[in-house]
Amino acid sequence: MSQQKLTAAFVHALGLTDDKVTDDLTYNTIPEWDSTAHMILIAELEDTFDIMLDTDDIIDMSSVAEAKRILAKYNVQF
Amino acid sequence: MLEQKVILITGANRGIGLTIAQVCTRLGAIVLLAGRNDAQLEIIAEQLGENAIPMAYDIADEEQVKAAFGHIKQHIGRLDGLVNNAGAMQSAPVGMTRIADLRAQLDVNTVATFQHAQLATRLMAKQQSGAIVNLCSIIGEQGSAGQAAYATSKAAVSGMTKAMAKEFAPLGVRINGVAPGFIDTDMTADFTAGQREEILANIGLGRMGNTQDVADLVSFLLSDHASYITGQIIGVDGGMRL
């Protein structure tokens with residue numbers, strides 16, 4: 001369930017198709033995930049999982065895999 | 001002009017902040033009144049009516065600011081405007097300015113403004129809309145002898161405003177600064193008659209400003225009437241020269 005919500009958040013925030021959202025997808029390696037889109041993604045993740053991310057976690061969220069690791073700290077289970 | 005817009009105003013318990021809150025509620029906004037004095041904010045909220053919500057916290061305390069924005073996100077769910085108004089001014093010659101006093105002004109005037117904007121833009125990024133108005137100062141723009149620490153903290157706000165405006169324009173968030181000149185408030189109450197005369201001689205329009213002069217510009221910048229204005233530092237100074 002969390003994985004689906006995570007994928008949906010990436011798809012919605014970055015304008016990607018589902019198949020592009022893999023653990024390997026990394027910040028700033030595709031045009032859709034630049035610094036501006038990163039803030040939209042953060043807002044989307046905060047809304048989706050009803051959390052408020054710390055600035056350090058926003059900085060560290062450099063890939064989908066890393067996003068899962070960080071979200072786990074906020075009690076989101078994958 | 002501001003119907004149903006949710007606007008957070010720091011330092012809303014007195015002076016310019018209080019007048020901004022009054023003008024914004026009159027224009028239809030829902031105002032969140034930020035300040036440290038809970039009892040005072042409650043009284044003001046009661047006077048302003050049901051569209052005024054008191055939020056007592058220390059704007060210079062990082063954790064309290066985070067908690068305040070968490071509260072806004074959880075209970076209101078949106079933020080259309082932020083006015084970074086709260087400020088601290090300590091005048092002293094450079095040689096008589098303690099570094100602790102410089103840091104104290106930077107904490108309130110600069111760092112708190114940055115953090116509020118940082119958290120507000122997170123809410124506004126989701127909406128892809130919003131307006132932030134930072135209270136800069138003619139002292140930060142032009143410099144003033146005996147006020148180097150204050151000028152430092154306010155010049156930083158002007159730079160921050162221009163940089164953030166560029167960064168958030170693609171997300172539809174506008175960020176502007178208002179730079180008051182000599183405004184008659186508590187902050188300037190201890191100026192002597194001689195100092196006031198000297199200042200008045202340098203104001204083109206020949207009078208001191210009042211809080212309404214500033215609040216009118218701030219409310220305009222928060223509104224959709226200013227939808228094509230961002231990254232500007234606009235003086236409200238009656239043509240003052242320092």
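**View 1. A right-handed β-α-β unit in chain B of this predicted model.** Three elements build the unit: strand S1(B), helix H1 of chain B and strand S2(B). S1(B) covers residues 6-10. Helix H1 spans residues 15-26. S2(B) takes in residues 30-35.

**View 2. S1(B) beside S2(B).** The two strands run parallel. Five bridges join them.

**View 3. S1(B) beside S4(B).** S1(B) also pairs with strand S4 of chain B, residues 81-84. This pairing is parallel too, over three bridges. Here the bridge partner of B:Leu8 is B:Leu82.

**View 4. The two faces of S1(B).** Five of the five residues in this strand are buried. One side carries B:Val6, B:Leu8 and B:Thr10.

**View 5. Two cysteines of chain B without a disulfide.** A disulfide is a covalent bond between the sulfur atoms of two cysteines. The structure holds zero disulfides over all chains. For B:Cys24, the nearest cysteine sulfur belongs to B:Cys136, 17 Å away. A disulfide needs the two sulfurs within 2.5 Å, so B:Cys24 is in no disulfide. For B:Cys136, the nearest cysteine sulfur is that of B:Cys24, and B:Cys136 is in no disulfide either.

**View 6. B:Cys24 and B:Cys136: buried or exposed?** B:Cys24 counts as buried because its relative accessibility is 0%. B:Cys136 has a relative accessible area of 3%, so this residue is buried as well. The cut-off for buried is under 20%.

Key
Residues are numbered from 1 along each chain as its sequence is written. Chains are lettered from A and ligands numbered from 1 in the order in which they are written. This is a predicted model: local features need pLDDT of at least 70, side-chain atom pairs count only at pLDDT 80 or more; totals for chains, interfaces and linings use all residues. Side-chain values use heavy atoms; hydrogens and water are left out. Buried means under 20% relative accessible area, exposed over 50%, partly exposed in between (1.4 Å probe, protein chains only). Helices (H or I, at least four residues) and strands (E, at least two) are DSSP runs, numbered from the N terminus. Two strands pair if DSSP finds at least two bridges between them. A crossover is right-handed if, with the strands pointing away from the viewer, the path from the first strand over the helix to the second runs clockwise.
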